[in-house]
Amino acid sequence: MAYKIFIPRDSSAISLGADKVYQEILNEAKNRNIDINIVRNGSRGLFWLEPMIEVETPKGRVAYGPVTISDVASLFEIEFFLGNKHPLFLGITEDIKWLKNQERLTYARVGITDPVSILDYEKWDGFKGLKNSLKLSQENIIKEIADSGLRGRGGAAFPTGIKWKTVLDAPSEKKYIVCNADEGDSGTFSDRMIMENDPFVLIEGMIIAGLAVGADQGYIYLRSEYPHALKILNEAIDIAVDKGYLGKNILGSDFSFTLEVTRAAGAYICGEETSLLESLEGKRGMVRYKPPLPAIEGLYGKPTVVNNVISLATVPIIMDKGASFYANYGMGRSKGTLPIQLAGNLKQTGLIEKAFGISLRELLYDFGGGSATGRPIKAVQVGGPLGAFLPEEQFDTPLDYEKFTEIKAVVGHGGIVAFDDTVDMSKMARYSFEFCAIESCGKCTPCRIGSTRGMEVIDKIKEGTDQEKNVSLLRDLGDTMVNGSLCAMGGMTPFPVISALNYFPEDFGLEKTETSA
Amino acid sequence: MALSSLQLEKISVHIQKYQDKPGALLPLMHAIQDDLGFVPEESFKPISKAYNLSVAEIHGFVTFYHHFRTHLPGKNILQICRAESCQAMGSENLENYCQEKLGIDYHQTTKDNSITLEPVYCLGNCACSPAVMINEEVVGRVNETKIDQIIKEARES
């Protein structure tokens, strides 16, 4: 019988050489006349150990990593395909501390299965949520989602159940489900990992959303920087159509749903839902005024659910295991789990799915192992380029939407980027404005003009020109942008800027006392 | 440089293909750029006619999106991630190194036409920063040795 070996096809694993390792193992096995069966599985999300390969043994799957092509010969020498010891041996995969200490619900299958095998998906509880949903009324599906406490994982944390109810109640012949897969926040990759490593869970979530609100058409608006995810999603959609999960009369019911992927074109602002809808309609991604909400007048003026990838991919497990199962995780009003992404200057980077409530310190040190450079961690940015920079004294804050709001920070999409003490925070603040200037849609003045003026004011503070006056001007500008911008782009850019100024005034050439708000 | 008749023919095939599709401009521009390597300004007029839009609207659309370009790039496109996670791992040094080595700034092409250098704001490879993308291949934990290799292969291709 062939030995079963798993080599990830996740694009981050490939970016570290997984395809080359795959080819080398294939060649070596052929030369040595060893019968192997390679599964290109998803990544488990332990990126400091990628490419991490696994072998199926009677005791369970065992892992080796990080494997480079120069390790392949020695792995064959010790007959790794039997699960034997090697300097890269990591033991039973499930027992690796990083994985063992997680609560993987949305990510239950990621890294275990072959992403485009619908048989694997079905074997690992796939489509159970859809089958349950098909037996329920629309109101009862939405009640289940509302009771689970699921909130929008894209960053805004709006209750998913309420959004769906609004769309259900909006009278219209035509409604749409739009998946926001324009994951542009630096430090985030959980959407990408779901799409590349378990695409069927997103497809299932979108079908259930369509069923719940009465929509028969779905779009996945996918950022153009993810060519790998595009291929896998299209492959998975074709398979789902072939098996009767998409198309007319799904699983013999009278519900029909079609789904397609639309490639975005590199505009960060199109992650904002109204800008995304404009873009899908074939226009410049200019932000719309709200109201009307997209739930009432969305794509082509029709009621539209716009949800993030993770929100939609969490729907199947809720509909499979029930609202209370999901709501039992988490704290306060932040129910369930969050796929957290550790990035930047950390020893151990990757994907951790945990119930809300874990502290930044646990994430940075217990999971992350401290900085990659071995220097002290000076600041972390949580929630992407619009999230606040936090200093060490805030590291005990539990990951919870409300607790983060209290310290003027955001959980956002769950990305955490760590910086060591060589970082110049005035430079990061300036970059926040620069990014806003590059990516602003230009519709509202505070964002379009404020971002450029902001860079200039920071330059003046750093040069030492009228510091007191310019610091006050910077705060005033921040206030104008927060209160006067049309969307979160201009409205949140001051968060990283002002937090950098408050916590790290010395980097701006200021005394600590001069800056306190 | 004027477009060849073959290029014009290709553009007109794409225009027809998406004519009845709602929200056609995004898939249409991708199809043209995937095929020709860029979206030539000469295509704006036929598109505007077929889709009943003004040339200004087409121009506004194409120039809004960073991904679309109106000039033919070099044989390879090297994108360097400038976002926060990569900055935390030294992407600024990498940018300087590449620009110096290639003798070009962002949005420019090397004299031998082998590489066009572009900035990018996140490749979703933040657990393996700093990251770059060469054509459609993402490379993680890039250092000077790795970038030398990428540039060498691009020049030889």
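In which loop of chain B is B:Asn113 found? B:Asn113 is located in the loop between β2 (108-109) and β3 (115-120) of chain B, where helices (H or I, at least four residues) and strands (E, at least two) are DSSP runs numbered from the N terminus. The model is a predicted one, in which local features need pLDDT of at least 70 and side-chain atom pairs count only at pLDDT 80 or more, while totals for chains, interfaces and linings use all residues. Residues are numbered from 1 along each chain as its sequence is written, and chains are lettered from A and ligands numbered from 1 in the order in which they are written.

Chain A has 22 helices and 16 strands. Its radius of gyration, taken over C-alpha atoms, is 24 Å, which agrees with the value near 24 Å for a compact globule of 517 residues; the globule rule is 2.2 Å times the number of residues to the power 0.38. Along the principal axes, the C-alpha atoms of chain A fill a box of roughly 75 × 60 × 40 Å. Of the 517 residues, 58% count as buried (20 or more other C-beta atoms within 10 Å of the residue's own; exposed, 12 or fewer; partly exposed in between; C-beta atoms placed from the backbone).

Chain A is divided into domain 1 (3-97), domain 2 (118-327), domain 3 (330-420) and domain 4 (425-515), with bounds from an automatic or database domain assignment. The C-alpha centres of domain 1 and domain 4 of chain A are separated by 47 Å. Chain B is divided into domain 1 (5-64) and domain 2 (76-156), and the C-alpha centres of these two domains of chain B lie 29 Å apart.

An open sheet of four strands in chain A has the order β8-β7-β6-β9 with parallel pairing, two strands being paired if DSSP finds at least two bridges between them. The edge strands are β8 (258-263) and β9 (304-308) of chain A, each of which pairs on one side only. Strand β7 (residues 217-222) of chain A is joined to β8(A) by six bridges, and A:Tyr219 has A:Glu260 as its bridge partner in β8(A).

Strand β12 (residues 337-344) of chain A pairs with β13(A) in the antiparallel sense over six bridges, and the two strands form a hairpin with five residues between them. In β13(A), A:Ile352 is the bridge partner of A:Ile340. Five of the six residues of β13 (residues 350-355) of chain A are buried.

At the interface, 45 residues of chain A are in contact with 35 residues of chain B (C-beta atoms, placed from the backbone, within 7 Å). β12(A) gives the most to the side of chain A that touches chain B, with four residues.

Several backbone features concern individual residues. Most residues other than glycine have a negative phi, and most peptide bonds are trans. A cis peptide bond joins A:Gly65 and A:Pro66, with omega of about -5 degrees; A:Pro66 lies in the loop between β4 (60-64) and α3 (72-77) of chain A. The peptide bond from A:Pro291 to A:Pro292 is also cis, with omega near 5 degrees. Phi is positive, near 65 degrees, in A:Phe127, which is buried with 24 other C-beta atoms within 10 Å. B:Asn113 has a positive phi of about 65 degrees and is exposed, with 12 other C-beta atoms within 10 Å.

Methods
Contact = placed C-beta atoms within 7 Å.
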